[in-house]
Amino acid sequence: MFLARGAGAVSSSYLTAKTAHDPMEARVFVDSLSKLSSLSSGIYGQFIEHLGKCIYDGIWVGPNSKTANVKGFRLDVLEAVKGIKPPLVRWPGGNFASSYHWEEGIGPRERRPRVFGPAWGAEEPNEFGTCEYIEWVRMVGAEPFIVVNAGNGSPEEAARWVEFCNSRGNTRYARLRRELGYPEPFSVKLWGVGNELYGRWQVGFCVDGEECARRTVEFVNQMKRADPSIKIVAVGCDYDPGWNVDMVRVAGEYFDYLSIHRYVFTSHQKRYEDLVAWPIAIEEDLVAIYRTVQMARARYHVKREIKLAFDEWNVWYPEAQPPLLTQVTRVKDAVFTGLVLNALQRLSGIVPIACFAQTVNVLPLILAEDDGRIALTPQYLVFKLYAEVQKGDIVRATAFSPSYHSGELDRVIPYVDASAVLAGGSLHLYLVNRHPDESARVEVFIRGFTPSTARHEWVAGSSVEDANTLDDPNRVKIERAEYPFKGIVELPPHSVNAVTLS
Ligand code: AHR
């Protein structure tokens, strides 16, 4: 069937000589009857850290600020974050988490101590603490995901945090929460135990996976006494399989997700084609880490199911340096982002959680200046495209397209990537065209679904170097078109596309 239809539709353009203006020919096969897994909304998560101007001046300006705010939360940022419907937001770090003492961040703000934060060498005013985080995350409509201090903190301190957040009892920390004006528990289900403890840059780092595993056991043992129902994310390492095996061997019955972080360190000198090749390596690496975890579970008889939490990921440019870690990402980074989100959709069954690092001002999706200006990056626009559909089934989608060679990865990379979600009676195609200059004419073949209309939204800009800046915030926009679906979708060069077929 595929061949018969394909031959009829494309033979004329194959037979005529290709000109410089002809689009690249590609095909996408979607088997709507072949479900890979359910879509996990958790892959559209975000990450905010006490670092640079992410929390302070980004999310929190304080109730007395001249900047428009609701109860101290910066209004334009709040609305922008709501716009990408994050299912969960990880906090308070990052490196910051490994020296954060949560009890300094509760109670009357004027009495909270201003302390030195050794993670980033910055001053921490403690104006934004657990209660502010929970209020903000609920206003955004997300679930909380708290990372406890397993660097220079103690299991007891972490267990007190769980009690403060989740207990309905008549005990000290549950009562304290009520006294502070929160009668109902915060019901924080997801807890990270430590951050990047494999790295010597981390306060309280561990010398090997076994030390981290033992520390994890100590923490979880005490945290679960305060609330046995919580789910745990433990520290994994993206480049050290031995670390991950030790974590599973020693602590495998104590956690539900292994945390993996990946930044693609890049520069504006890097060849665009190499940057947008990286999501293929990321996808393969996540699969390899998951396999290592499953082999270790089998080898050491670990019964608990363990999946991955890809809870920090992004590109990182040299300009993003402490103390602010800010950068202005461009359309090429949006293409990278769309490709990672496609990969995460496909991996939804084994990597159900992912958090983009970070949401505001630090390696940011959203740039928010003290003078009230705001810019939504092309990466943000890509999240907006994807976050519209958070429930459904991932079905098999296979793209065939011309390819190129990435020198950096030393491999052949297809120009077109495809992922598909069946949801609410529509088929949602997520199509990325990596090509820097050519559009792609994609013939779409679908088994088990016959759509008649296409609603097509895309992010492309006019060049891979286009950006939305504070001075020029609307250069790159989401474009839209609706048309009768005749089996063809045209993808602009360097574009991320969400096509709803109904
Ligand atoms: O996101 C910035 C930093 O990168 C985080 O604090 C840390 O976890 C990672 O190394």
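Strands (E, at least two residues) and helices (H or I, at least four) are DSSP runs numbered from the N terminus. The model is predicted, so local features need pLDDT of at least 70 and side-chain atom pairs count only at pLDDT 80 or more, while totals for chains, interfaces and linings use all residues. Residues are numbered from 1 along each chain as its sequence is written, and side-chain values use heavy atoms, with hydrogens and water left out.

**Exercise 1.** Describe the second largest pocket by volume, lining and residue class.

*Solution.* 
1. A pocket is an open set of points on a 1 Å grid over the protein atoms alone, with protein on both sides within 12 Å along at least five of seven lines; a cavity is a set where a 1.4 Å probe fits but cannot get out; lining residues have an atom within 4 Å of a point.
2. The second largest pocket holds about 320 Å³ of space.
3. Its lining has 22 residues, and nearest the centre lie Glu 196, Trp 201, Tyr 263, Glu 312 and Trp 316.
4. Strand 11 (257–265) and strand 12 (307–316) are the elements that give two or more residues to this lining.
5. By class, the lining has 12 nonpolar, 5 polar and 5 charged residues. Nonpolar covers Ala, Val, Leu, Ile, Met, Phe, Trp, Tyr, Cys and Pro; charged covers Asp, Glu, Lys and Arg; the others, Gly among them, are polar.

**Exercise 2.** Find which element gives the most to the lining of the largest pocket, and state the pocket's volume.

*Solution.* 
1. The largest pocket contains about 380 Å³ of space.
2. It is lined by 22 residues, with Glu 283, Arg 346, Ala 397, Asp 417 and Ala 418 closest to the centre.
3. At least two lining residues come from each of helix 9 (278–299), helix 10 (331–346), strand 16 (393–400) and strand 19 (416–423).
4. Strand 16 gives the most, with 6 residues.
5. The lining of the largest pocket splits into 14 nonpolar, 2 polar and 6 charged residues.

**Exercise 3.** Locate the largest cavity through its lining.

*Solution.* 
1. The structure has 1 cavity of 30 Å³ or more.
2. The largest cavity holds about 40 Å³.
3. Its lining consists of Asp 238, Ile 260, His 261, Arg 262, Ile 282, Asp 285, Leu 286, Ile 289 and Phe 310.
4. Strand 11 and helix 9 each give two or more of these residues, and helix 9 has the largest share, 4 residues.
5. The classes in the cavity lining are 5 nonpolar, 1 polar and 3 charged.

**Exercise 4.** Decide whether helix 11 is mostly covered or mostly open.

*Solution.* 
1. Buried means under 20% relative accessible area, exposed over 50%, partly exposed in between (1.4 Å probe, protein chains only).
2. Among the buried residues are Pro 378, Tyr 380, Phe 383 and Tyr 386.
3. For the chain of 502 residues, 61% count as buried.

Technical notes. Grid points are joined across faces, edges and corners, and a volume is the space filled by probe spheres set on the points.
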